[in-house]
Amino acid sequence: MRRTNNIRKPISLRQGTALAAGVSAAFLAQPALAQDAEDEEIVLDTLEIKDHTADSNPYTQEGAPYKARISGDVRRAKPLSETPATITVLTERQIEESGANDMREILSAQPGVTIGTGENGNAFGDRFIIRGHEARSDVFVDGLRDPGMTTRESFVVDQIEITKGPSSSFAGRGATGGAVNSITKQASTDYMFTRIDGGIGTDDYYRATLDTNIPLTDTLAVRVNGLYSYEEIPNRNYSDRDRWGAAVSGAWTPNDTIRVLLDYYHLTANDTPDLGGYVPAPTGTAGNVTVYGPWDDVPNYAQDGDFLDTEVDTFTGRIFITPWDGFTITNSTRYGETSNGYVLTGLRGGAYDPDAGTYAPLTLSTHQGNQEVEYFTNQFNVLGEFDTGSISHSVIVGSEYSNMKVANGTYDLTQNGATNCVTNGRFGASPGYCITDENRNVIIDDLHGLLQRDIADGTIDSNWKVETLSFYAMDTVDLNEWLSVHGGVRLDAFDYSNDVLGRGASEPTNYTYSDTLWNGHAGVGVKPMEEVYLYFNWGTAKNINGGESDLGGNCGYGGICVADGTDIGDGRPESSESFEAGVKADLFDDRFMATAAVFQITKDDVFESAGDGYSEGGSLNTGKNRVRGVEFGLVGNLTSRLSGQAALTLMDSEITGSNDPSKIGRRLSNFANTQFSGQVRYQATDAFAFGGTATYKSAMFAGQPDDAAGYNETLGVYTYRIPSYWVFDAFASYQFTPNIGARVNMTNVGDEDYYQAGYRSGHFLYKGDERRTTLTVTAKF
């Protein structure tokens, strides 16, 4: 491992934005833990010389591996301690030591974020809900939207940034509850290193990653990241996750003014998910109600041939031009193709009969879909730092063009296995495939070979296209040393088209329309002292009718919603407004930050379904909801040996308007009122460190997105309850030599049965992984 000495100077806006773009090499990777100042510094007048390891996250605070100093998005002009928003940043070191590997695992543990589910189309892949609102289309990589319901891995990630609250000034359409932005590893001419991680663990866990950066000349470098991973789902061993990926980044710096980055990313994920269990509906009479929890002992019933396959290929080119100090031009272009297809097995039935004291048999059901995504996007930014008299400005002016195409299809399925029961459903009595009797006893010897499906490609039932041209301008104005104001506005002009093949139709229906969305943000920041920043922020977000690409004509889940007898243009965009006031205190030489914020998000003109919620007919813009809450956060180094990050979110949600009056006053579905996450590490000796994580989420209730949780009017209770849970993880690491180290992780130490999401009928109750232990050995040279 090569080590470089870097001279540290005060950080200007120009340096911060250049570093976020990967232009500056002045702030490379940080040591694992702060040492006493006398041990790591040589002070020569005003210069401070530090020693850095090259392979660490360049955005973290010096000596504080869990604390990010700046955002990787060049448009975030200020350090995070002076950014007027709640932004949770998960650094590379924190992600590694948590034992989580993919985006869904990582984000499901974060306060303010829950996991969503659905029956078909949008059931699988990464689907997130932030502060109660859908964010499955609000996932970004290096500031560019990453569309499609795909699986996302962390092997090429420097940090993950979760912005909470409406973010359309930066993100464009959508982003009601927030947005997720992954910052990827980039090549540099300033250092050479290779890092190899190899892991083994229980339940046939194997994982290997490669990260190597090679300067080919003084102006040209290449960085290569690789991944292979296989694991069975703990104690559900028929289901597994099989991934491999590669990323290649090239950097060319012909002079001090220009830097060019070229990236290619590929991921193949061939998984066999376990859809978990179910939760029975409550029974009884008003005033005497029994509410049931999940059946924890549901066996793994995944069928032979079940699959969830993802392929991702993206090409990105970026150029950064700094013709003079305080002025930077950036241009980013990306072309990507992704595919996501699945045929999976779920459960039905299981309702409890309190008179007989028995449960209905559990039957198998099939859920399937596929998606092909092709997209092109270009983003142009001009960033300027200048003074007008005694007032300082940090201006960002930009434009963005995107063309996204999503073809959603189905598979033709034939079930050849013999049925073994008759059940009643929406379409009356029909033969079925039962795996239990009325006492929950498993009645099948071969649980995985019951359906015996033949699978063939089927028809395209939704051909979704959105072309968008955007312009935005933002300014942060420092009126004096303690007072600043900030604001911005964004225009998104789009053309929408969707060919939807409705249920039972022989020809698709074409929906086309165009519109322009305006969004903005504004606020004020106050620094009563150097370490403390107070802010107030207002922001808006809008989303288009049919803005969720995976739903076709299903209005109730974000598909195109068309009221009977009206034109598409009659549907206003969904709109949201947010207010947030907060405080950030950057302490202990900026190595520890404490934050607190109160917020409110009001979403209006929400698209709602009429009737069964599955047809194209719907009631436009009749819904309204509100989320209020408070969030507290701590991140950084409490002492020279103790590091950590923790956050607590307390929220309350309410439906305030609906075409169904019975929904008004109810809480949002898939929404946990109380959420906590904490991760700590303690450096016991120079070589040995240990730590752990704790995650808590309060009870949720299943239902449709942006809608009231399911409710039984007769009994006066919410229908399908997803229980609260605590989960604890632990890790310990030892550095044998400067180049060889090892880490042991144990996730879900208590082997708890916990559930992350549930479908509105109480099925597809996604089960969190049970206990797993892994050993990872790291070699650096």
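In this predicted model, five strands form an open sheet in the order 6-12-13-10-11, with mixed pairing. Strand 6 (86–91) and strand 11 (144–145) each have a single partner strand, so they stand at the edges and one side of each is left without a neighbour in the sheet. Inside the sheet, strand 12 and strand 13 (residues 178–184) run antiparallel and are joined by seven bridges. Lys164 is placed opposite Gly178 of strand 13.

In soluble globular proteins, nonpolar side chains tend to be buried together.

What does Ile435 touch beyond its neighbours within four places in sequence? Its contacts include Tyr301, Leu347, Leu362 and Leu364, and also Asn441, Val442, Ile443, Ile444, Leu447 and Leu450.

The structure holds one disulfide, between Cys421 and Cys434, with an S to S distance of 2.0 Å. Cys421 belongs to strand 27 (residues 421–425), while Cys434 sits in the loop between strand 28 (428–432) and strand 29 (453–478), 13 residues apart from its partner. The torsion about the S-S bond is about 90°, so the disulfide is right-handed. Are the two cysteines of this pair, Cys421 and Cys434, buried or exposed? Cys421 counts as buried because its relative accessibility is 17%, under the 20% limit. Cys434 is buried as well, at 2% relative accessible area.

In one of them, Tyr496 and Tyr513 are tilted, with 5.2 Å centre to centre and 45° between the planes. This pair links distant parts of the chain, 17 residues apart: Tyr496 is in strand 30 (residues 483–500) and Tyr513 in strand 31 (residues 509–529). Tyr496 is buried at 2% relative accessibility, and Tyr513 is buried at 11%. Elsewhere, ring pairs link Phe676, Tyr696, Trp726 and Phe728 into a cluster.

Arginines also lie over aromatic faces. Arg131 is over the face of Phe599, 3.5 Å from the ring centre, and Arg440 is over the face of Tyr359, 3.8 Å from the ring centre.

Key:
Residues are numbered from 1 along each chain as its sequence is written. This is a predicted model: local features need pLDDT of at least 70, side-chain atom pairs count only at pLDDT 80 or more; totals for chains, interfaces and linings use all residues. Side-chain values use heavy atoms; hydrogens and water are left out. A disulfide is a pair of cysteine sulfur atoms within 2.5 Å. Helices (H or I, at least four residues) and strands (E, at least two) are DSSP runs, numbered from the N terminus. Buried means under 20% relative accessible area, exposed over 50%, partly exposed in between (1.4 Å probe, protein chains only). Contact means heavy atoms within 4.5 Å. Two strands pair if DSSP finds at least two bridges between them. Rings of Phe, Tyr and Trp (its six-membered ring) pair if their centres lie within 6.5 Å; planes under 30 degrees apart count as stacked, over 60 as edge-to-face and the rest as tilted. A charge sits over a ring if NZ of Lys or CZ of Arg is within 6 Å of the ring centre and within 35 degrees of the ring normal.
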